[in-house]
Each structure stands twice: as structure tokens, then as C-alpha cells.
Amino acid sequence: RCHIPLSGRNPALKEALGIRPHVLVLNKMDLADPRRQPVSAGAGLGWAGLGVAVVARGAPVPVPLQIVPLVARLVAESPRYHRAESSEYNILVIGVPNMGKSSLINSLRRLHLKKGISPWCQGSGRRWGRVVPASMTGSPFPPGKATTVGSEPGITKSVLTRIQVSEKPLMYLVDTPGVLPPKLGDVETGMKLALCGAIHDHMVGEDIMADYLLYTLNKQQQFRYVQRYGLSEPCDEIEPVLKRVALAQGRTQKVTVLTGTGNVNVTMLNCTAAAYEFLRDFRAGHLGRVTLD
């Protein structure tokens with residue numbers, strides 16, 4: 001993911017991949033800071049057998065149209081893979097959680113095969129080419145998707161069966177759960193992964209993540225949040241920002257306060273919900289194009 005082209009790579013995979021041909025896909029390039037593109041461009045340095053593809057909305061050539069030929073070329077140029085007689089390609093899609101692996105597979109399938117339906121046909125009474133009772137056609141995938149996607153990490157929980165994404169050349173992709181290193185190198189790397197959704201928000205704390213995000217935005221002079229939330233100037237403290245977010249988004253909560261005359265219901269700003277909205281705005285690109293690395 002281009003928010004974290006360096007922190008978003010699992011170093012344990014480098015040894016596992018070895019010299020095997022592989023493609024590094026940098027997702028959501030349109031949300032990355034164009035001033036820091038050299039950081040993204042150098043994300044694959046030192047990895048043998050590597051090709052790089054960049055994903056961005058509105059790109060002149062959709063990245064799925066780049067990936068299939070790139071994979072075919074890398075495999076063809078790798079001598080140790082000339083022993084197989086089969087002409088089909090079986091590709092494993094790996095990476096840290098919530099980086100768009102399932103979405104990439106669905107995009108490849110939609111563009112190359114001109115279909116977005118799951119192998120389980122919705123309501124058609126057919127499954128895997130055989131007629132079955134309507135009661136058995138329940139699909140494990142959402143309509144129009146061959147593999148389930150979501151905004152939270154951990155949607156894909158096991159290695160799935162291979163999914164055809166191209167006819168010529170014949171290519172199958174296998175979706176896998178996201179994998180993080182057993183131990184992160186430092187706290188800042190963990191915060192970057194959490195901001196991009198690779199770690200569940202509640203495991204770090206929305207308020208802590210929002211504070212680190214504000215620090216990063218100010219450090220990189222990304223001040224779009226000032227206008228978005230109606231602030232008079234950039235702010236180093238997270239509390240005033242979250243209060244403005246809560247007011248702008250209507251994030252309030254009713255709290256019962258015990259007084260000398262009895263219980264009183266008071267409406268207060270919900271700063272935890274405001275922190276979550278702050279994080280959502282960043283992930284959607286509403287706070288500007290930011291590269292965390």
C-alpha cells in the first residue's frame with residue numbers, strides 16, 4: 001500500500017520468496033503524497049526476481065492489465081521455472097492484512113474475464129456447472145465478487161481455492177490471509193500499520209492513533225484538516241481537533257451525572273467516535289495525499 005511502501009512489507013516474506021519471481025503491487029497510489037514518490041519507487045530495492053506494479057484510480061492503464069503480462073514475463077525469464085510442462089500460472093497473493101489483496105483478485109477477474117460473479121452463481125440454481133436445488137445456492141461471497149473484501153483486517157481467514165483471473169494466458173490466483181511479522185521492529189512501524197488498517201483500531205486505541213496521525217500531518221505540513229473541520233489554524237493538540245470533528249460530524253453521547261439533587265442526563269462530545277471519524281477521513285483521502293514512510 002502506497003501510504004506505507006516500506007513499513008507495509010513483511011520482512012519475513014523476503015527469505016520465503018528467495019529468487020522466486022514475484023510482483024510488488026503498490027495499492028492506492030492516488031492517496032500517496034506525490035512529493036514522496038521516490039520512497040514508493042524504492043520499496044522493492046534489494047528483492048530479487050521482482051516486478052513492480054502501481055495501483056491508482058484514474059490511471060491511463062488499469063493496473064490489472066499490467067499485472068498479468070508482467071507475471072508471465074517474470075516467470076518466462078526465470079530459468080528454474082522452465083521445467084514445468086503445464087502452461088498455466090498459479091500465483092499466490094500474499095502480504096500484510098487489509099492491503100487490498102482480495103480486491104486485486106476481483107479486479108483482475110472482472111477486467112480479464114469480463115465477469116465479476118462468484119463461482120457460486122447467485123440464485124441461478126447452478127453451482128460449479130451442475131444443477132442443484134435452490135436451497136443449496138447460498139454463496140459464501142458477496143454478489144459480484146469471487147473473494148470477500150472488507151475495510152477491516154482479517155476478512156480472509158484461510159487460504160482459499162484458486163480463482164481464475166485470465167484466459168490467455170491461463171492464470172489462477174490464490175487468496176491468503178494477511179500475515180504480520182511476529183514482532184514489529186518499532187512502535188512507529190506499528191502505528192503506521194494501524195493507521196492503514198492492518199491492525200484493528202481497538203488494539204491500539206483510536207485516540208492514540210488519531211494523536212499520531214495529527215503529528216504526522218503537521219510534520220509533513222498537510223493542513224487540509226484545518227479547513228475540513230473548521231479550525232482557525234493548525235493544532236498540535238489532539239483534543240481540540242477531536243472536539244471540532246465531533247461537532248462537525250454530530251458525534252455526541254448522553255452521560256448520566258450524579259449530583260446532589262439526583263441523576264442528570266448530560267449530552268457530551270464523543271471523542272472516541274470523533275477519533276474514529278478522523279481515521280476514516282484519512283483512509284478515504286479526505287485529509288490530503290499522505291505517505292507515512
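Predicted model: local features only at pLDDT ≥ 70, side-chain atom pairs only at ≥ 80, totals over all residues.
Helices, as the word is used here, are DSSP runs of at least four residues, numbered from the N terminus.

Just after helix 5, Gly197 takes a positive phi of about 85°. Of the 9 residues of helix 5 (residues 187-195), 7 are buried, so the helix is largely enclosed by the rest of the structure. These buried residues are Thr189, Gly190, Met191, Lys192, Leu193, Ala194 and Leu195. Their cover includes helix 6 (201-204), helix 7 and helix 10.

Within helix 9, the residues Ile238, Val241, Leu242, Val245 and Ala246 are buried. Viewed down the axis of helix 9, the buried residues fall within an arc of 140°, so they line one face of the helix. The buried residues of helix 9 pack against helix 7 (206-219), helix 8 (224-228), strand 9 (262-269) and helix 10 (271-283). Helix 9 is followed by Gly250, which has a positive phi near 70°.

Aromatic rings come next. The count of aromatic pairs comes to 2. In one of them, the rings of Tyr212 and Tyr215 have centres 6.0 Å apart and planes at 45°, so this pair is tilted. Both Tyr212 and Tyr215 lie in helix 7, 3 residues apart, or about one turn of the helix. Tyr212 is buried, with a relative accessible area of 13%, whereas Tyr215 counts as partly exposed at 42% relative accessibility.

Tyr229 and Phe278 also form an aromatic pair, edge-to-face, at 6.0 Å centre to centre and with 65° between the planes. Tyr229 lies in the loop between helix 8 and helix 9 and Phe278 in helix 10, so the pair ties together parts that are 49 residues apart in sequence. Tyr229 counts as buried at 2% relative accessibility, and Phe278 counts as buried at 0%.

A ring also takes part in another kind of arrangement: the charged end of Arg162 sits over the ring of Tyr172, 3.8 Å from its centre.

Technical notes. Residues numbered from 1 in each chain as written. Heavy atoms only, no water. Buried < 20%, exposed > 50% of the residue type's maximum accessible area, 1.4 Å probe, protein only. Helix = DSSP H or I, 4+ residues; strand = E, 2+ residues; numbered from the N terminus. Arc of directions from axis to C-beta. Contact = heavy atoms within 4.5 Å. Phe/Tyr/Trp six-rings, centres within 6.5 Å; stacked < 30°, edge-to-face > 60°. Lys NZ or Arg CZ within 6 Å of the ring centre and 35° of its normal.
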